[in-house]
Amino acid sequence: MDALRIALCDDVSTEKELLEQYIRQWADRQSLPVCVRSFSDGQSLLHAMEREAFPIVFLDIQMQGLDGMETARRIRQIDGSAKEAGICFVTGYEDYLAEGYEVEAFRYLIKPVRREKLWEALDSFLRRMQKRKPFWTVETPNGQKRVALSEVLYLEAFGHTCTLHGDTESFTVKLGITAAQEQMTSLGLAMFRCHRSYLVNIARITGIERECAVLETGIRIPVSRKSYEPMNRAFIQYFRNHRNREV
């Protein structure tokens, strides 16, 4: 299972450390791998979110420089109409509750944060994530575009961009193949780098031959010699895990 990526943004180190401690305790109870990244200001968080996805963001409202509310507004500009990032405000004041609705925050936690309240918020958001159809919002030459992860077949690299091939369309993504893999993996999609220039969705593979992977559509994707054995193992493990979840 891929790690759930969580961002913490607070200009007080002790507050971030306490939140991270509570999050890791929750993750241990859930047997869920997490990747927690901490930021001291809104600008550094926004810069990171241009390159990587965080399904959950915990934001302090009162920070030096760019405050949490304005940071949340800019996050919504990044993820567009999909509203993909779950924003949870963490603050010592209740005055901003109405503004929280404006950016569709899913929870509002008052400092000092109680562990049980944080766990309850994480449980709620995890249930919400499991129910909704996951999408990936990407930057294209024509602006932002939203694509359902389940429709992704493979990506082909062209310099500093990729062409995403899906069930119904293909289009250019303004990301290198490594960054694209990181973003889709963080959203829970099992993408495998089978070749220097190709990234394939394991869930859409029906078989692996010596020099190519065969997709449900009949398309054959090149597989490099050094990737053949690791890809076979990843393919077997993916469908073994998938079968176990269905039992």
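Q: In strand S5, which residue is the bridge partner of Cys88?
A: In this predicted model, strand S4 covers residues 86–91 and runs parallel to S5. Four bridges join the two strands. For Cys88, the bridge partner in S5 is Arg107.

Q: Why is the pair of Phe89 and Tyr108 edge-to-face?
A: The structure holds four aromatic pairs, and one of them joins Phe89 to Tyr108, with ring centres 6.4 Å apart. Phe89 sits in strand S4 and Tyr108 in strand S5, 19 residues apart. Planes over 60 degrees apart count as edge-to-face. The pair is edge-to-face because the planes stand at 65°.

Q: Are Phe89 and Tyr108 buried or exposed?
A: Residues under 20% relative accessible area count as buried, and those over 50% as exposed. Both Phe89 and Tyr108 fall in the group called buried.

Q: What is the angle between the ring planes of Tyr154 and Tyr198?
A: These two tyrosines form an aromatic pair, 6.2 Å centre to centre, and the pair is tilted. The pair links distant parts of the chain, 44 residues apart: Tyr154 lies in strand S8 (residues 152–158) and Tyr198 in strand S12 (residues 198–201). The angle between their planes is 35°.

Q: At what relative accessibility does Tyr198 count as buried?
A: The cut-off for buried is under 20% relative accessible area. Tyr154, the partner ring, counts as buried at 9%. Tyr198 also counts as buried, at a relative accessibility of 15%.

Q: Which residues on the two sides of S12 are buried?
A: In a regular strand, side chains alternate between the two faces of the sheet. Both faces of S12 are covered. One side has Tyr198 and Val200, and the other has Leu199 and Asn201.

Q: Which strands stand at the edges of the open sheet with antiparallel pairing?
A: This sheet has five strands in the order S10-S9-S8-S12-S11. Its neighbouring strands are turned by 25° against each other on average, direction ignored. Two strands have a single partner each, so one side of each is left without a neighbour in the sheet: S10 (170–173) and S11.

Q: How many bridges join S8 to S9?
A: S8 and S9 run antiparallel. Within S9, Thr161 is the bridge partner of Phe158. The number of bridges joining S8 to S9 is six.

Q: In S12, which residue is the bridge partner of Glu156?
A: S8 and S12 run antiparallel and are joined by three bridges. S11 and S12 also pair in the antiparallel sense, over four bridges, and a hairpin joins these two strands through two residues. His195 has Tyr198 as its bridge partner in S12. For Glu156, the bridge partner in S12 is likewise Tyr198.

Q: Which strands do the buried residues of H6 pack against?
A: Helix H6 (residues 177–186) has Ile177, Ala180, Gln183, Met184 and Ser186 as its buried residues. The helix lies across S8, S9, S11 and S12, running at about 155° to S11. Just after H6, Gly188 takes a positive phi of about 100°. The buried residues of H6 pack against S1, S6 (135–140), S8, S9 (161–166), S11 (191–195) and S12.

Q: What radius of gyration does the chain have?
A: The chain has seven helices and 15 strands, and its C-alpha trace spans about 60 × 40 × 30 Å along the principal axes. Of its 247 residues, 47% count as buried. A compact globule with 247 residues would have a radius of gyration near 18 Å, and the value for the chain agrees with that: 20 Å.

How values were computed. Residues are numbered from 1 along each chain as its sequence is written. This is a predicted model: local features need pLDDT of at least 70, side-chain atom pairs count only at pLDDT 80 or more; totals for chains, interfaces and linings use all residues. Side-chain values use heavy atoms; hydrogens and water are left out. Two strands pair if DSSP finds at least two bridges between them. The radius of gyration is taken over C-alpha atoms; the globule rule is 2.2 Å times the number of residues to the power 0.38. Buried means under 20% relative accessible area, exposed over 50%, partly exposed in between (1.4 Å probe, protein chains only). Rings of Phe, Tyr and Trp (its six-membered ring) pair if their centres lie within 6.5 Å; planes under 30 degrees apart count as stacked, over 60 as edge-to-face and the rest as tilted. Contact means heavy atoms within 4.5 Å. Axes are lines fitted to C-alpha atoms, for helices over the stretch in contact, and angles run from 0 to 180 degrees between N-to-C directions.
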